[in-house]
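These are my notebook entries on one protein chain. I wrote down what I looked up, in the order in which I looked.

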Amino acid sequence: MKLPCSVAKKTADFWNRLISPSLLFITVMLCFPAYLFQENLQILAGEMLFFLLLALTKRGKIRILTGVFIILGVTFFSLFSPYGKVLFYISSFSVTQGALETGLHRGLSLTGMVFLSQLAVTPKLRLPGKVGAFMAQMFWYLEALGQEALALKKGRILTAIDQRLYEVYWEEKEETGSSVVTETQPIFSLSGVVFSLLMFGILYFLLFYPILH
């Protein structure tokens, strides 16, 4: 899925004004547990769609089919370990409620983690210290590698991968000289802190609400 260029530019500018890459990264890392331990399937699906929307508006485009394949694939293989109420039969194969719900839960969890990672990772991310600089550069490479699909041909798979790595390396050198783009926005801003608190509060509220009720 890809937003129109004019819309993508506006949403990207909005994210740049809203929150710094470093604070967004920290917020997403803190929110990961609230998502991973969510047991309610309906809430989990809603949160996954929410993360998809956030990642789409921030990045301008996102590969939804990857998430669909993850959900379908994990759910399909989960059905081979049946347990719980039998919903229906396909020939002699039984589809059970427990296996279906477990597969959907795992698939949604993995897909949501992918969208959360895409939301958190940005080439403008700056973390303190040498380790932070190394991670920022690594994230830059991951972002660049995901911009274009590899032209894989029979017998030339390794060549295509090597060529793309070579192109990304020189793109980074031409764009930044010797390091990734630096972050000029302060880490903490009022809008960024408000967004972080809202996202953190909503996810953890949804985590504990079904348990308390």
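**Entry 1: ground rules**

I am working with a predicted model, in which local features need pLDDT of at least 70 and side-chain atom pairs count only at pLDDT 80 or more, while totals for chains, interfaces and linings use all residues. I number residues from 1 along each chain as its sequence is written, and side-chain values use heavy atoms, with hydrogens and water left out.

**Entry 2: the whole chain**

I looked up the secondary structure and found eight helices and two strands. Helices here are DSSP runs of H or I with at least four residues, strands are runs of E with at least two, and both are numbered from the N terminus. From the N terminus on, I read the order as α-α-α-α-β-β-α-α-α-α.

I then looked up burial. Of the 213 residues in the protein, 37% are buried. Buried means under 20% relative accessible area, exposed means over 50%, and partly exposed lies in between, with a 1.4 Å probe and protein chains only.

I also looked up contacts, which means heavy atoms within 4.5 Å. Among contacts between residues at least 6 apart in sequence, 71% join residues at least 24 apart.

**Entry 3: the record**

I checked UniProt, where an unreviewed entry gives "transmembrane region" for residues 18-35, 64-83 and 187-212. Such positions are given in the numbering used here, feature names are shortened, and annotations may be inferred rather than shown by experiment. In the model, residues 18-35 are 89% helix and 0% strand, with the end C-alpha atoms 23 Å apart. For residues 187-212 I noted 88% helix, 0% strand and 35 Å between the end C-alpha atoms.

**Entry 4: α3 with α5**

Two packed helices are described by the angle between their axes and the distance between the axes. For helix α3 (residues 41-59) and helix α5 (residues 97-120), I found an angle of about 25° and axes 9 Å apart. The axes are lines fitted to C-alpha atoms, for helices over the stretch in contact, and angles run from 0 to 180 degrees between N-to-C directions. That angle makes α3 roughly parallel to α5. Angles under 35 degrees count as roughly parallel, over 145 as roughly antiparallel, 65 to 115 as roughly perpendicular, and the rest as oblique.

I listed some of the residues that meet: those in α3 include Met48, Phe51 and Leu52, and those in α5 include Leu108, Gly112 and Phe115. By class, the residues of this contact are 13 nonpolar, five polar and three charged. Ala, Val, Leu, Ile, Met, Phe, Trp, Tyr, Cys and Pro count as nonpolar, Asp, Glu, Lys and Arg as charged, and the others, Gly among them, as polar.

**Entry 5: α1 with α3**

How do the axes of α1 and α3 cross? The axes of helix α1 (residues 5-18) and α3 come within 6 Å and cross at roughly 100°. The two helices are therefore roughly perpendicular to each other. Thr11, Ala12 and Trp15 in α1 meet Leu54, Thr57 and Lys58 in α3. I counted the classes in this contact as three nonpolar, two polar and one charged.

Aspartate 13 is partly exposed at 31% relative accessible area. Aspartate 13 and lysine 58 are 45 residues apart in sequence, yet 8.7 Å apart in space, C-alpha to C-alpha.

**Entry 6: two serines**

Is serine 196 buried or exposed? Serine 196 sits in helix α8 (residues 190-212) and is buried, with a relative accessible area of 9%. Leaving out residues up to four places away in sequence, serine 196 touches Ile19, Leu23 and Thr27.

Serine 91 is in the loop between β1 (86-90) and β2 (93-96). With a relative accessible area of 72%, serine 91 is exposed. Most residues other than glycine have a negative phi. Serine 91 has a positive phi of about 60° although it is not a glycine.

**Entry 7: glycine 67**

I found glycine 67 in helix α4 (residues 64-78). Glycine 67 counts as buried, at 5% relative accessibility. From glycine 67 to phenylalanine 115 I noted 48 residues in sequence and 8.6 Å in space, C-alpha to C-alpha.
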